[in-house]
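Walk through this model one feature at a time. Keep the sequence and the 3D view side by side.

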Amino acid sequence: MFVQPINAKYWLAGLSVEKDGVMYEAKIAFKGGEPARQAIAEHGNLAEVQMQYWFDWIFREFSEKRLMSTLNRFNAGELSIHEVSPQFRTVLAAATYGEQMTNQLYAAGEMPNYHPGALVQGWAVEQAFEQHLRPLLALPEVAAVSLEGGGMRRVETKPEDPDWFWTFEVFDKTDDVDPYLEVPIHSGAIATHELIDGVAAVMLPDLTDAAIWVTALSQFEDCDQLSTITVPGRGVLVINKTARTWGEN
C-alpha cells in the first residue's frame with residue numbers, strides 16, 4: 001500500500017488486488033497528513049483483504065475461463081436458476097434489464113450461450129466499492145475514494161471537498177498526437193471499452209448501467225449510428241478517428 005502527499009491539503013493512499021489478469025486499484029484521498037497516515041493504512045489494508053476475497057468469489061462465479069464456474073455450469077445445464085446464488089440471479093436480472101434499456105443493443109444471450117460480459121465487471125466493481133470503500137467516507141480524514149479495474153471506475157467525493165477531482169484517462173489509440181482524453185470526475189462512474197479502431201466511454205451515476213451502455217456502443221461500426229439512439233449521462237465514442245460526444249463533456 002502506498003501513501004503520498006498530493007498537495008498541502010490532500011494525501012493519497014493506494015492499494016491493489018489482481019484476479020484473472022485484471023488489476024483492481026483502490027485509492028483513498030485523505031486530509032490530516034502524517035498524523036492520519038496510520039489510521040488510513042489500517043482501514044486500507046482491511047479493504048484490500050476484503051476485496052481480494054470478493055474478486056476471488058467473482059472469478060468462481062462468472063469466469064468463462066474456469067471450467068467449473070457457476071456461469072459455465074449454468075450454461076451447461078448443470079445448475080438451474082433456483083440453484084445459483086442470489087448475486088448470480090441479480091446479474092441475470094440486470095442483463096435482462098440492460099437488453100430492454102438499450103433496445104437489444106446490449107445482449108447477454110440465453111442458455112447455453114449466456115455471457116453477460118462487461119456487465120459483470122461493472123457490477124463487481126460497483127459492489128466492491130459500495131461494500132469496502134464507501135464506508136471509509138465515514139472517517140473524518142477521508143475526502144474521497146475510488147476503485148478501478150478492467151476499464152471500469154467508480155468514485156465518490158464528499159460534498160465538503162468540492163476541490164478534489166479524480167481524473168480518468170481514456171486512451172484513444174487512433175490519435176497519434178494526443179492519445180489520452182482526460183475526464184475529471186467528482187462523483188460517479190465511468191465505463192470504457194476499447195474498440196478495434198477507437199474507444200467508447202460512458203459516464204453515469206451507476207457503474208452497472210455504464211457497463212451495459214458501453215457494451216452496447218461497442219457494437220457500432222461508425223459514430224453516425226450514435227444519432228439513432230439516446231445514451232444517458234456523458235460520454236465519448238471514437239471510431240476510425242471520428243469522435244462524437246454527448247452530455248456535458
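By class, 11 nonpolar, three polar and four charged residues line the largest pocket of this predicted model. In total, the lining counts 18 residues. Asp20, Phe62, Ser63, Val120 and Gln121 are the ones nearest the pocket centre. The volume of this largest pocket is about 400 Å³. Which elements give two or more residues to its lining? They are β3 (22–30), α1 (33–62) and α4 (118–133).

Next, the helix packing. Two packed helices are described by the angle between their axes and the distance between the axes. Take helix α3 (residues 86–101) and helix α5 (residues 207–217). Their axes come within 10 Å and cross at roughly 55°. Angles under 35 degrees count as roughly parallel and 65 to 115 as roughly perpendicular, so α3 is oblique to α5. The crossing of α3 past α5 is right-handed. On the α3 side, Ala94, Tyr97, Gly98 and Met101 make the contact. On the α5 side, Thr208, Asp209, Ile212 and Trp213 do. What classes do the residues of this contact divide into? Five are nonpolar, two polar and one charged.

Now follow the chain into the loop between α3 and α4, which holds both Asn103 and Pro112. Two backbone details deserve a look here. Asn103 has a positive phi, near 55°, and is a residue other than glycine. Further along, the peptide bond that joins Met111 and Pro112 is cis, with omega about 5°.

How values were computed: Residues numbered from 1 in each chain as written. Predicted model: local features only at pLDDT ≥ 70, side-chain atom pairs only at ≥ 80, totals over all residues. Heavy atoms only, no water. Axes fitted to C-alpha atoms, helices over the stretch in contact; angles between N-to-C directions. Helix = DSSP H or I, 4+ residues; strand = E, 2+ residues; numbered from the N terminus. Parallel < 35°, antiparallel > 145°, perpendicular 65-115°, else oblique. Left-handed = near helix turned anticlockwise from the far one by under 90°. Contact = heavy atoms within 4.5 Å. Nonpolar A, V, L, I, M, F, W, Y, C, P; charged D, E, K, R; others polar. 1 Å grid on protein atoms, 1.4 Å probe; cavity = no way out; pocket = protein on both sides within 12 Å on 5 of 7 lines; lining within 4 Å. Points joined across faces, edges and corners; volume = space filled by probe spheres on them.
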